[in-house]
Amino acid sequence: MKTRITELFGIEHPIIQGGMHYVGFAELAAAVSNAGGLGMITGLTQKTPALLAEEIARCRTMTQKPFGVNLTFLPTVNSPDYQGYINAIIQGGVKIVETAGNNPQKWMPVLKENGVRVIHKCTSVKHALKAEAIGCDAVSVDGFECGGHPGEDDIPNFILLPRAAEELKIPFVASGGMADARSLVAALALGAEGMNMGTRFIATQEAPVHENVKQAIVAASELDTRLVMRPLRNTERVLNNAATQRLLEKEAALGKDLKFEDIIEQVAGVYPRIMLDGEMDAGVWSCGMVAGLIHDIPTCEELISRIMREAEALIKQRLAGML
């Protein structure tokens, strides 16, 4: 399948693995890329630029295919060493970066000067247009269904994707609620040039996370996520667990007096304990509503091959047969 996304990134299939904290290690990125998609190393999971450089080098030993690095720009007082991370990306020969969070405009000149193609994650048409204006090569349009941060507009993909198609000139992929061939074909029909999957890739054999995490996703239904931190306008969709309930109870009790410090135990620094150690109630962790569509734990090769095979059948048989 050829789309503007496969052409832009030099990949076989229009499927991207989004950046995920303590999930996007070299093992998963390489497996996705080897299967014909675009794998992503999560930059800030590596605590220093030097460690990111090592992870990029490690990924190169596992795949000869294109892969990228996700770099999230956080609105914090003590920012990470973004210049150092970008240097590691450039010196490592990585030519694709997925940016997220704050506006990446400050870093666009150095990335473009070094031939890096940038896809920016957006939760609104307004932000997607801004990404296009500052020179991003593509955008990932994140609907309200997504795991992680869906923004504050609450627009699901059946509306957000065609609105993006009406406004954007650069290509975009659908993100949020993407899991299978039906997701891909629907995304293409709504104007996207491919899809970005996060939660679905956690439940794969190569994802270097604890088996408890994978089994929790398979066991979950579409009803098992919750939105937290809404009062702080930092909304995050997470899997429902004991920590989520503690956080929501605290939010309800404190109301408009809620501060981030009040919930920090459930939110900050919990990912290693959950993703690596399998302590499922250690804190809250991002998970999309798409968990309801995830019923197995295949290899990345099995997953991507199945998606593309079934997508072709959907287009050529089911849809064409309706004409």
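Reader: Why is D296 called partly exposed?

Author: D296 has a relative accessible area of 27%, and since buried means under 20% and exposed over 50%, with partly exposed in between (1.4 Å probe, protein chains only), the value of 27% places D296 in the partly exposed class. This is a predicted model, in which local features need pLDDT of at least 70 and side-chain atom pairs count only at pLDDT 80 or more, while totals for chains, interfaces and linings use all residues. Side-chain values use heavy atoms, with hydrogens and water left out, and residues are numbered from 1 along each chain as its sequence is written.

Reader: What makes R200 and D296 a salt bridge?

Author: The closest N and O atoms of R200 and D296 are 3.2 Å apart, and a salt bridge is a side-chain nitrogen of Lys or Arg within 4 Å of a carboxyl oxygen of Asp or Glu, so the pair qualifies. R200 lies in helix α9 (residues 199-202) and D296 in the loop between α13 (271-276) and α14 (300-319), so the bridge ties together parts that are 96 residues apart in sequence. Helices here are DSSP runs (H or I, at least four residues), as are strands (E, at least two), and they are numbered from the N terminus.

Reader: Is R200 buried or exposed, and how do you know?

Author: R200 is buried, because its relative accessible area is 2%, which falls under the 20% limit.

Reader: How do you know that R230 and E152 form a salt bridge?

Author: Their closest N and O atoms are 3.9 Å apart, which is within the 4 Å limit. R230 sits in the loop between β9 (225-228) and β10 (236-239), and E152 in the loop between β6 (138-142) and α7 (157-167), so that the pair links distant parts of the chain, 78 residues apart. R230, at 29% relative accessible area, is partly exposed, and E152, at 27%, counts as partly exposed too.

Reader: Why is E55 called buried, and why is R58 called partly exposed?

Author: E55 is buried because its relative accessible area is 7%, whereas R58 counts as partly exposed because its relative accessibility is 30%.
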